[in-house]
Amino acid sequence: MQRRCFLGTAFVFALAAANPALAAPPRLAFSELYARIGVMGTSFSPQVLKLKGQRITMRGYIAPPLKAEANFFVLTRVPVSVCPFCNSDADWPADIVVVNLKNPGTLAPGGRPVEVTGMLDIGSSTDRETGFVSLVRLNQAEWREL
Amino acid sequence: MLVKRCCAILLALWGVQASAQAIYPIDRATMVVDGKFDFKVEFDGVVDPSSVTITVNGQPYEKVLGAKAAFLPNEDNGKASSYILRDISIKHPGKYEVVATAAGKSMKVNWEVYATGPRTAKNVILFIGDGMTVANRTAARVLSQGIKEGKYMGKLSFDDMPRMALIGTSGVESLITDSANSMSAYTTGHKSSNNALGVYASRAKNNLDHPKVETIAELVKRKTGMAVGIVTDAEVEDATPAGMVAHTRRRSDKSEIAEWLFLKGADVVMGGGSAYFLPKSTPGSKRKDDNNLIDLFKSDGFAFATTATELKSAVKPDTRKLLGLFNTGNMDGSLDRFYLKGGTVKQFPDQPDLTEMTRKALEVLSRNKDGFVLLVEAGLIDKASHPLDWERSVYDTIMLSNAVKIAKDFAAKNNDTLVMVTPDHTHGLSLVGTIDDNAKGTEMRDKIGVYEEAGYPNYPAPDKNGYPPSVDVSKRLAMFYGNFPDYYETFHPKLDEPFAPTVKNDKGQYVANEAYKNVPGAVLRVGNLPRSADTGTHTADDGVLTAMGPGSERIHGFMDNTEVFRTMVEALGLGYDGKTKGKTPAKPATRR
Ligand SMILES: [Zn+2]
C-alpha cells in the first residue's frame, strides 16, 4: 500500500517535471472531505471550502455504475459492492464523490483504483435523470487507472 | 409421448395463469377477523364489466365484502382490466371461496378468516436475528459460554426458552426470501414477494399502488391503546423495522418509510438511518425533499437522542415517546464497536448497544397501561453474513443474546409478556472445525482440523459482556459459507474493515476483490453462485424460533412464517368477539 502510494507520487512528480505547464492540481484525500460526519448531518472541511470551484485530483475506487449508460460514476474511499436485496441503490457510504465525466459514454469499470481530476463542486444536488443525491462532485472530470 | 405433451400444455397454461390473472389476497391466505386488506382481481386481458361476475361463497362479492370495487378497464394504461377494493375487512370467521369470471374464463381462491380467544398477553416482544442460522447460535455459544469435554459451560439467553419451532420462510414467488418479504409475513400474516412490504406484489406499476394488508402495528393502534416500539441496529428504514409500518412494493422507498414510522404512530423508534430524516438541504441527507423528520418527531413530543450518552439522559420519568438515531446509515456491530474500531466507529464513537436500546425501549413502552408490541432487530447478523464475515455475524449473535436476556428479565416480573426470538431467513453458514496456525502444512487448508483433529479453539475467556476480547487467535473456529461468489479465502478474521469479498468488473460481473489476494495463505475460491451475486445469498433452510410467555403454547414443530403473526394476534386477543370457544371468558388479565 505504502509502496503504491510512493509510486503514484513519483509518477505525478515526473509528469509535472517533464511538462511544467501540466503542474498537478492540488490533491484531496477522502479523509479531508469533511470536518464532521454526524447523525445530524455533515460539514465540509475548511480545505474543501477553499478548493471549491478549482480543478483538483482525488484517488479512490469506481463503484458499480447505477445504470449501464451512465455519464457519471461514484468514487468511493474503499471498494464497494452494493447488495440489491440488503441495500437499495441509495445505500452508499456517507463519503462518496460523484464524478461527472467530461466525455460521457466511456463506461468506467468498477472496483479499480483510479485517479480523477475535475472541478470540485459541493452542496446537495440531485441528478435530474437518476434522482441520485450527491454532496461532493468532480465535474468536467477525467480519470485514469492507477 | 402423450404424457410429455400434456405436461407441456399444462405448464404453458400454468405460466399464463400465474403471470396474467390473479386474485389478492392469494389462495390459502389466512386473516384475522376484522383485519384490514385490499381486494384486487386482475384479468389477463381487457374485459367488459357486464361479462364479469365476482362472487364470495356464491354471493355477489359486494354483499360479503361490504362495498363495490373500482373497475380499472386498462390498468396503468395497459391491455388488461382489474377490480380493486381498498381497506376492507371480514367480520365473521370461516372459509371464503372467491370466484372471478369474465367471458367464460374463471379463477378461484380460498381464504380462511379466523377469530381468536381472549387476550392472554399484555405485551409482545419480537426479536429478529436477521439471517441468523443455526451455526450462528452454535458459534455464539462456543465463543460466549465456552465448551469443555463436549459440554457447554452455559447457554445463550434464548437457548432455554420453553417453546421452539422450525420456521418456513419462502415467499409467494420464490423459495428464497429477502428480509422485506419475510418480515412482512411476520407482521401481516400474509405471504409477500421479495422487496415488498405490507403488500401483495401485483402488476401495478406504482410501488405504492399494490394491494395492502394491515400490519400488527396498525392493527394494535386501530383496535387497542397499546404502544408500539421499533428498534434495530440497521437503519430504521431497513426492511425488518419497515415491516412494522410500510406498504410498498420496493423496500428502497426509505424516505417514505421514515415518514410512515411517524404517521403509523410508533412510540419508540431507535436505530441508524438518520440520513432519511434530514432535509435535502442538510449535507448528509438522503432525502429528495425538504422535510425535516427529526423536527416532526420532536414537535410531536418525542424525546430525541443521537448518542448512547444522550440516550441515558433523554429518557425522563414521564417520557412516553422516544426517537433515537445513532448513525446516518447502519450502526456498527459489537466486534467493531468494542474491539476492532472498524466500519464507521471513528465517525460515530458513541453508539449504544442493542442491549441499551432494548432496555430503554422497555422502560418507555412499559409505561403504557394497555401494553406494547416491541420489535427488536439484530440486523447486522445478516449484514455481516452477506460479505462472508462470520466473526462479525457471530459477535452480533452474542449481542442479540444479551438483548434477549434483558427482555427475559423484564418478562419474568409479571409473566404477561410473549417473547419470540427468530431469524427471518438463514444463510449458508456452517461450523466445520478449527483452524490451527501451528498445525503442520504449507497451505492453510492443511491447518483445518476436522473430527478429532479439530479439538477446541483457544479464544480468550469472554469478558463481562460475553465476548472474547480477541478473535485473532492461533486456533480459531473454521466456519465457511456454502453459497458464495468468487472471493479470496484468507482463513483469518478481517481486523481492519468488514470483509468486501467482491468488486464489479467492466462486464457487470462480481469478481474476487484483489485487495485480499496477497494476504498470506489466501486462496481464490471460485464461486458457486451466478456472477451477478455480489455477496453470499440467503438460503431456504428453516429458521429456528424460540419463545416463552403467554401465547407461546402455539409454537411447536414446523410453522409457516405467517403463523408468527397469528401467534401474536392470538396472544393479544385481537380477533376476540367476546364469545368463548368452550372456556369461561377469563377477563383479559391485561386490561386492568
Ligand atoms: Zn440479507
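**Aromatic rings in a predicted model**

A search of the whole structure finds 21 aromatic pairs over all chains. The model is predicted: local features need pLDDT of at least 70, side-chain atom pairs count only at pLDDT 80 or more, and totals for chains, interfaces and linings use all residues. Residues are numbered from 1 along each chain as its sequence is written, chains are lettered from A, and side-chain values use heavy atoms, without hydrogens and water.

Reader: Which kind of pair do B:F338 and B:Y339 form?
Author: Rings of Phe, Tyr and Trp (its six-membered ring) pair if their centres lie within 6.5 Å; planes under 30 degrees apart count as stacked, over 60 as edge-to-face and the rest as tilted. The centres of B:F338 and B:Y339 are 6.0 Å apart and the planes stand at 75°, so this pair is edge-to-face.

Reader: What is the angle between the planes of B:F338 and B:Y467?
Author: These two rings also form an aromatic pair, 5.6 Å centre to centre. The pair is tilted, with the planes at 50°.

Reader: Is B:Y467 buried or exposed?
Author: Buried means under 20% relative accessible area, exposed over 50%, partly exposed in between (1.4 Å probe, protein chains only). B:F338, at 30%, is partly exposed. B:Y467 has 1% relative accessibility, so B:Y467 counts as buried.

Reader: Which ring does the charged end of B:K494 sit over?
Author: A charge sits over a ring if NZ of Lys or CZ of Arg is within 6 Å of the ring centre and within 35 degrees of the ring normal. For B:K494 the distance to the centre is 4.3 Å, and the ring is that of B:F499.
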